[in-house]
Amino acid sequence: MRVIEKHRNILDFTLSSLARRKGKNLSLVFVYTFVVFLIASVTFFTHSLKTEAEVILRDAPEMMVQRLVAGRHDLIPMSYMDTIRQIRGVQSVTSRLWGYYFDPTNGANYTLLVKPEEHSTSGTILVGRGVARSVRSKQTGTIPFKTYDGSYLFLRIKEVFTAESELANADLILISEADFKRLFAYPDGYATDLVLHVRNANELPTIATKITHLLPDTRPILREEIVRTYDAVFSWRGGLVIVVLLGVVLAFFILAWEKATGLSAEERREIGILKGLGWETTDVLFMKFWEGAVISLSAFFLGILCAYGHVFFTSSMLFEPALKGWSVIYPDFRLTPVISAYQISTLFFLTVLPYTVATIVPAWRAATVDPDTVMRA
Amino acid sequence: MIEIKDVRKVFNWGRPNEFVAIDGVNLCLHSQSVTVLKGPSGSGKTTLLTLIACMARPTSGRITLMDREITSLPERFLTEIRRRTFGFMFQQFNLIKGLTALENVMLPAYPAGEKHAVLEKRAGELLGLFNLSEKSRAKVEWLSGGEAQRVAIARALINNPSIIIADEPTAHLDTKLSREFMEILLSLARDGKTILIASHDPIVYESDMVERVVEMRDGKIVGE
């Protein structure tokens, strides 16, 4: 009990001490909070995007097969489907038709996809919210598409996708097979790629090897590879932003180091008084520890809270362009809040610990002065 | 009882700027007595006070406090003795600016781990004793010289020490305040405190309450 009371008393004194240098300490907390906010925002954002991408890709086909010509993606003959179906373990093979369309009026790229099970009516399309925004259409409207021969194909918007699916569907247009082929003069008997479902996921690498053996001009792509790519891309972008922020972080640490290491003559005098009055070296160190802890923990929690609001309520408006990609159509959506204990502890060790240590070391040097210095002041 | 045997204190020992502050002092101070160390500036009064009050160690010699040899004790024990046994009044008052009078009085008791409310009550009572109840929540820099002096006295008494150490306590006080201060010391002496003062102020060493005046010069006792 005495130990708790002792720390309560020391903490009480620490808080009074901090309040005495309000301006100095508040400005430090402000800068500190800003640094935590920046780092936490990037961490939360990239982590949530990765989680979101993982969730979306969970329903993606386990394997895609593309044809390569001269190292470039080319149309794949539908006849390849029969060859693949013969491989043991393959449950189903379906063809996909998709492509990109550049809309010169809006300067935006759309992804066009044929999905007969969801949309097959010629003359109409289903669009993502990003597309609807770019053509300034809320629900209905017509988009003119310039076909391969320069003529125009007018397609009416039948429906706009819901916001929940925007990360994946912002620039997506679902189009009927007939319109798709008319737009691009797509040859019959060919698909953009093939998608596979297998009975046992463990057999995926074996099946992929068999496909490349039977159809040497193809390239099987596994879902895990896409997940890894997304992960690498988001981590890379997150890292990029952190590198840019490094200057700010360094500036903060220089400020904190100077503040922490440079005990003022007034502070040294006070430590001398406390020691003269019967405070032990450890008591002074505890006081300095609490001082550092109060500043760093306040800044840490404030920074985390601000970053949480910034990422999950304002969709990271500060970092959006750098982290989401380079595109005319940015997805407009709210990320599902995903925070792990690992993230929080990493942030804690990166921000709170260095500051607290930086405060303790000079305090220790000051605290070991002989108490009689107070008599000679 | 405090016994000082052949104590020397040398600063910067072995260096070109070596300085002998206390040179072979022998002294015996009885409990519940009022003693003044008198002498000019640089005579070693303050250094001797710091040695007696466990704030520094002598270079050689021994000091015993209530028959307990204290010169060889580790810092932790010296701090404990300092906190429990001694109450300090410094020349500059050494109050911590920005804190209230009440907080300043409570400071020496914080490390003891006493309940905050109990401590606050005792500090309030002490301030009341010196007619400072109304100023207890005032920041110390707003207090007059006399009020600050009384806060420093209250702070010295917070741990109920048996020995009061005062270093040039009237150096920054006018004659009236100096006499008031001596009145307070007198009441403390009546309460059974041992009082040890370093001063070259005649108001202090010529006071009726002072039982013994030890004269120092060049780190040595030159007369009583």
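Helices here are DSSP runs of H or I with at least four residues, strands are runs of E with at least two, and both are numbered from the N terminus. Val105(B) sits in one such run, helix 3 of chain B (residues 101-106). The model is a predicted one, so to speak of local features a pLDDT of at least 70 is needed, side-chain atom pairs count only at pLDDT 80 or more, and totals for chains, interfaces and linings use all residues. Residues are numbered from 1 along each chain as its sequence is written, while chains are lettered from A and ligands numbered from 1 in the order in which they are written.

Back to Val105(B): it counts as buried because 31 C-beta neighbours lie inside 10 Å. The cut-offs are 20 or more other C-beta atoms within 10 Å for buried, 12 or fewer for exposed, and anything in between for partly exposed, with C-beta atoms placed from the backbone. Contact means that two such C-beta atoms lie within 7 Å. Leaving aside neighbours within four places in sequence, Val105(B) has contacts that include Leu127(B), Val151(B) and Ala154(B).

The largest core has 79 residues, and Val105(B), Met106(B), Leu127(B), Val151(B), Ala154(B) and Ile165(B) touch the most other members. Helix 5 of chain B (residues 145-157) gives this core its largest share, seven residues. A second, separate core holds 33 residues, including Tyr80(A) and Leu172(A).

Chain A has 12 helices and 12 strands, and 32% of its 377 residues are buried. Of the contacts in chain A between residues at least 6 apart in sequence, 82% join residues at least 24 apart. Asp74(A), in strand 2 (residues 72-74), is partly exposed, with 15 other C-beta atoms within 10 Å.

As for the interface, 26 residues of chain B meet 26 residues of chain A. On the chain B side, helix 2 (75-85) and helix 1 (45-52) each supply at least two residues, and helix 2 gives the most, four.

Terms used:
A nonpolar core is a set of buried Ala, Val, Leu, Ile, Met, Phe, Trp, Tyr and Cys residues joined through C-beta atoms within 7 Å.
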